[in-house]
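We will walk along the strands, cross over to the helix, and then step back to look at the whole chain.

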Amino acid sequence: MPKRRSAPAPRPAREIVIDSGDDFKIIFDRETRDYAVEYRGEPVGWRAFVEDARRLVETLRYEDARRGE
């Protein structure tokens, strides 16, 4: 009986979505170990800590509410 070749193990995803909502996404990048923030589909910044990324989203939401958007 021929030896069965095993498939290589799948590599883990480089980016993991940590938190998301209707208008934002916080993505952890395994390579840089930073958190990318997307707001309304646009990249708006990088943060070293997830709490800072969430704070950025709240700030953007506040500014939009203040402008009436």
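Start by selecting isoleucine 16, which stands opposite phenylalanine 28 in E2. This is a predicted model, in which local features need pLDDT of at least 70, side-chain atom pairs count only at pLDDT 80 or more, and totals for chains, interfaces and linings use all residues. Residues are numbered from 1 along each chain as its sequence is written, and side-chain values use heavy atoms, with hydrogens and water left out.

Now show E1 and E2 together. They run antiparallel, joined by five bridges, and form a hairpin with three residues between them. Two strands are taken to pair if DSSP finds at least two bridges between them. In general, strands of a sheet pair through backbone hydrogen bonds, either parallel or antiparallel.

**The aromatic pair**

Stay with phenylalanine 28 and list what it touches. Not counting residues up to four places away in sequence, phenylalanine 28 touches Arg14, Glu15, Ile16, Ile18, Arg33, Asp34 and Tyr35; contact here means heavy atoms within 4.5 Å. Which residues of this structure form an aromatic pair? The structure holds one such pair. Its members are phenylalanine 28 and tyrosine 35, with 5.0 Å centre to centre and 50 degrees between the planes, a tilted arrangement. For the cut-offs, rings of Phe, Tyr and Trp (its six-membered ring) pair if their centres lie within 6.5 Å; planes under 30 degrees apart count as stacked, over 60 as edge-to-face and the rest as tilted. Phenylalanine 28 and tyrosine 35 are both buried, where buried means under 20% relative accessible area, exposed over 50%, and partly exposed in between (1.4 Å probe, protein chains only).

Click on tyrosine 39 and look across to its bridge partner in E4, glutamate 42. Then do likewise for glutamate 38, whose bridge partner in E4 is proline 43. The hairpin of E3 and E4 has two residues between the strands, and arginine 40 there takes a positive phi near 55 degrees.

**The whole sheet and the helix**

Show all the strands as a cartoon. Four of them form an open antiparallel sheet in the order E1-E2-E3-E4. At the edges are strand E1 (15-20) and strand E4 (42-47), each pairing on one side only. From one strand to the next, the twist averages 25 degrees. Axes are lines fitted to C-alpha atoms, for helices over the stretch in contact, and angles run from 0 to 180 degrees between N-to-C directions.

**Two stops on the helix**

Leucine 60 lies in helix H1. Leucine 60 has 17% relative accessibility, so it counts as buried. Leaving aside neighbours within four places in sequence, leucine 60 is in contact with Tyr39 and Val44. Also in helix H1 is aspartate 64. Is aspartate 64 buried or exposed? It counts as buried because its relative accessibility is 6%. Beyond its neighbours within four places in sequence, aspartate 64 is in contact with Tyr39, Arg40 and Glu69.

**Zooming out**

Along the sequence, the chain follows the pattern β-β-β-β-α. The radius of gyration is 18 Å, well over the 11 Å that the globule rule gives for 69 residues, so the chain is more spread out than a compact globule. That radius is taken over C-alpha atoms, and the globule rule is 2.2 Å times the number of residues to the power 0.38. Along the principal axes, the C-alpha atoms fill a box of roughly 70 × 20 × 15 Å. Of the 69 residues, 23% count as buried.

How values were computed
Helices (H or I, at least four residues) and strands (E, at least two) are DSSP runs, numbered from the N terminus.
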